[in-house]
Amino acid sequence: MDAGTARKRHLMRLPERVVVGDDLLGTVGDEIREVREAKRALVITGPNVGRMFGEVVGRSLRDAGLDHGILIVDSPTKDEARRAAERAREFDVIIGLGGGKPIDVAKYAAHLAGIWFASVPTSAAHDGIASPMASLKDSDAPYSEMMSPPRIVIADIRAISSSPPNLSRSGFGDLLAKVTATKDWRLAKVEVGEYYGEYAAHLALLSAQVVMSNRKLIGRMDEDGIRVLVEALISAGVAAGIAGSSRPCSGSEHLISHALDIISQGKGLHGEKVGISTTIAARLHGMNWRRILRALDDVGAPTSFGQLGIAREEVCRAIVMAPSIRPNRYTILHKVRPDHAQACSLVDELGVA
């Protein structure tokens, strides 16, 4: 293989099976059996989701002839994932049941244990449902890392529709980010010669465009709107798998959000911060940032960081810090490099403080 071929090579990581519909939690065992002949399954979930849905999933596994264990995780950390991986060595498959935390822990644990993983989301808070990316809190990097994708995704729309509305609004914000993430990716191709996948970029952008077109439907938080949102989140995750990285889904807007995770720990959901940060990235790209704000408002998502309890000064600092979060991932922030005064001026202009 010559050097040019090596530079252009990337690995696509995609789910084998995706099932979307109503009342699917009671069929998890059968769906897993359709993918492979497993005997034992470890269900990784959170305390609340475990209480709500653990029994129905456990019953479906028993009915399908699968022995199973349950591991409750409280936080998405590497220590939790390592503990889960050690226990998972006794099992054939890991099932991540819940929102981002248990799914990320399950994804990472399955990667460490060398066994396959099923994603069973009960909320639509971010695009990790079907992607090969996992984000864990005590990681050396405050951003998502490449793992293996779920072998199967089972998305029960009725269960997801019963989750708190702010989680779905967070997922909407995470999808809006694709508008600027794909711009940043193309910019990196032009400015520094980075690989750019046209198809993956278009697929991610389509996910954003679809939810923007259906924002009133999603804003009503009924099952039809949630299905559009979930399918778009899955599609965005697949785009990351095709790209072989999070590039089509995560750009300068995510870097601002990651910086806020450091500066303003525990304030706001990931997608809420990403959605608002997308307006900043859009403004720097010369795009219609007001359209982003209107879309957030239409679904009832926060349109300012103040609504999340984050102070103006913290936002200014986060914008300045953001390029250092991933110095090798070129974005509009790496090109512009706003100083503190410029960052504050930008925040004031957009009215997102």
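Guide: Asp23 counts as partly exposed, because its relative accessibility is 48%; on this scale buried means under 20% relative accessible area, exposed means over 50%, and partly exposed lies in between, with a 1.4 Å probe and protein chains only. This is a predicted model, in which local features need pLDDT of at least 70 and side-chain atom pairs count only at pLDDT 80 or more, while totals for chains, interfaces and linings use all residues. Residues are numbered from 1 along each chain as its sequence is written, and side-chain values use heavy atoms, with hydrogens and water left out.

Asp23 sits in the loop between strand E1 (17-21) and helix H2 (28-35). Helices (H or I, at least four residues) and strands (E, at least two) are DSSP runs, numbered from the N terminus. The phi of Asp23 is near 55°, a positive value in a residue other than glycine. Most residues other than glycine have a negative phi. Arg337 also has a positive phi, near 50°, and is likewise not a glycine. Arg337 is placed in the loop between helix H16 (332-336) and helix H17 (340-350), and its relative accessible area of 49% makes it partly exposed.

Two loop serines are buried. Ser123 lies in the loop between strand E5 (116-121) and strand E6 (133-134), and with a relative accessible area of 8% it is buried. Leaving aside residues up to four places away in sequence, Ser123 touches Gly98, Gly99, Ile129, Ile160, Ser163 and Leu167, where contact means heavy atoms within 4.5 Å. Ser304 is in the loop between H14 and helix H15 (312-325), and it counts as buried at 14% relative accessibility. Again without residues up to four places away in sequence, Ser304 touches Ile276, Gly351, Val352 and Ala353.

Two packed helices are described by the angle between their axes and the distance between the axes. The axes are lines fitted to C-alpha atoms, for helices over the stretch in contact, and angles run from 0 to 180 degrees between N-to-C directions. The axes of H13 (residues 270-284) and H14 (residues 289-299) come within 8 Å and cross at roughly 165°, so H13 and H14 are roughly antiparallel. Angles under 35 degrees count as roughly parallel, over 145 as roughly antiparallel, 65 to 115 as roughly perpendicular and the rest as oblique. H13 passes H14 in a right-handed crossing; a crossing is right-handed if the near helix is turned clockwise from the far one by less than a right angle, and left-handed if anticlockwise.

Lys178, Val179, Thr182, Trp185 and Arg186 of H8 make the contact with Glu198, Ala200, Ala201, Ala204, Leu205, Ala208 and Met212 of H9. Its classes are eight nonpolar, one polar and three charged residues.

Trp185 also takes part in ring pairs. Rings of Phe, Tyr and Trp (its six-membered ring) pair if their centres lie within 6.5 Å; planes under 30 degrees apart count as stacked, over 60 as edge-to-face and the rest as tilted. By this rule there are two aromatic pairs. The rings of Trp185 and Tyr195 have centres 6.1 Å apart and planes at 70°, so this pair is edge-to-face. Trp185 is in helix H8 and Tyr195 in the loop between H8 and H9, ten residues apart. Trp185 is buried at 1% relative accessibility, whereas Tyr195 is partly exposed at 35% relative accessible area. Trp185 and Tyr196 form an edge-to-face pair, 5.0 Å centre to centre with 65° between the planes. Tyr196 is also in the loop between H8 and H9, so the pair with Trp185 ties together parts eleven residues apart in sequence. Tyr196 counts as buried at 12% relative accessibility.

Conventions: Nonpolar A, V, L, I, M, F, W, Y, C, P; charged D, E, K, R; others polar.
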